[in-house]
Amino acid sequence: MVAVTFIAVDGRETRIEATAGLSLMENAVAGGIAAIEAVCGGNAYCGTCRVYVVPEWRSVTGNITEIEEPMIEASGDDDPGVRLSCQIVVTPELDGLVVRTPASQG
Ligand code: FES
């Protein structure tokens, strides 16, 4: 299992045990992270699965992908750590990952 911590806008931290091979969004939903609404079900089309990867993890999670770009642009979210969690595949290398969730999904 891969430990991932979600930090809500109010600072509350929730740690889930994520399953490798599934997306971060799927793991968040399964783990009861309410801020990950994921309205489109993982198709990079709704922007309601956004997370902010904390600076020390950005080199591991990687940059915004081409698939994510249009939705993130449309959301107007310019946080430097913004990603669509439906496009981050959980791998063992992400053990200990920390992400914040946006106020708009709070
Ligand atoms: S679940 Fe809709 S963009 Fe990720």
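Colleague: What volume does the largest pocket have?

Modeller: This is a predicted model, and the largest pocket in it has a volume of about 230 Å³. Of the 15 residues that line this pocket, A8, R12, I33, A34 and A35 are the closest to its centre.

Colleague: How many residues of that lining are nonpolar, polar and charged?

Modeller: The lining of the largest pocket divides into 8 nonpolar, 5 polar and 2 charged residues.

Colleague: You mentioned R12. With which residue does R12 form a salt bridge?

Modeller: R12 pairs with D10, and the closest N and O atoms are 3.5 Å apart. In general, side chains of opposite charge can pair when their charged atoms come close.

Colleague: Is R12 buried or exposed? And what about D10, buried or exposed?

Modeller: R12 counts as exposed because its relative accessibility is 52%, and the cut-off for exposed is over 50%. D10 also counts as exposed, at 57%.

Colleague: How many salt bridges are there by this rule?

Modeller: The count comes to 5 salt bridges. Among them is the pair formed by the side chains of R15 and E17, at 3.2 Å from N to O. R15 is exposed, with 58% relative accessibility, whereas E17 is partly exposed, with a relative accessible area of 41%.

Colleague: And which residue meets D77 in a salt bridge?

Modeller: The side chain of D77 meets that of R50, at 2.8 Å from N to O. D77 lies in the loop between α3 (69–75) and β4 (82–84), while R50 is in strand β3 (residues 50–53), so this pair ties together parts that are 27 residues apart in sequence.

Colleague: Is D77 buried or exposed? Is R50 buried or exposed?

Modeller: D77 is buried, because its relative accessible area is 12% and buried means under 20%. R50 is buried too, with a relative accessible area of 10%.

Colleague: Changing topic: where is T5 found?

Modeller: T5 is in strand β1, which covers residues 2–7. T5 counts as buried, at 13% relative accessibility.

Colleague: Which residues is T5 in contact with, leaving aside its neighbours within four places in sequence?

Modeller: With those neighbours left aside, T5 is in contact with E13, T14 and R15, and also with L97, V98 and V99. R15 in that list is the residue whose side chain meets E17 in a salt bridge.

Notes: Residues numbered from 1 in each chain as written. Predicted model: local features only at pLDDT ≥ 70, side-chain atom pairs only at ≥ 80, totals over all residues. Heavy atoms only, no water. Salt bridge = Lys/Arg side-chain N within 4 Å of Asp/Glu carboxyl O. Buried < 20%, exposed > 50% of the residue type's maximum accessible area, 1.4 Å probe, protein only. Helix = DSSP H or I, 4+ residues; strand = E, 2+ residues; numbered from the N terminus. 1 Å grid on protein atoms, 1.4 Å probe; cavity = no way out; pocket = protein on both sides within 12 Å on 5 of 7 lines; lining within 4 Å. Points joined across faces, edges and corners; volume = space filled by probe spheres on them. Nonpolar A, V, L, I, M, F, W, Y, C, P; charged D, E, K, R; others polar. Contact = heavy atoms within 4.5 Å.
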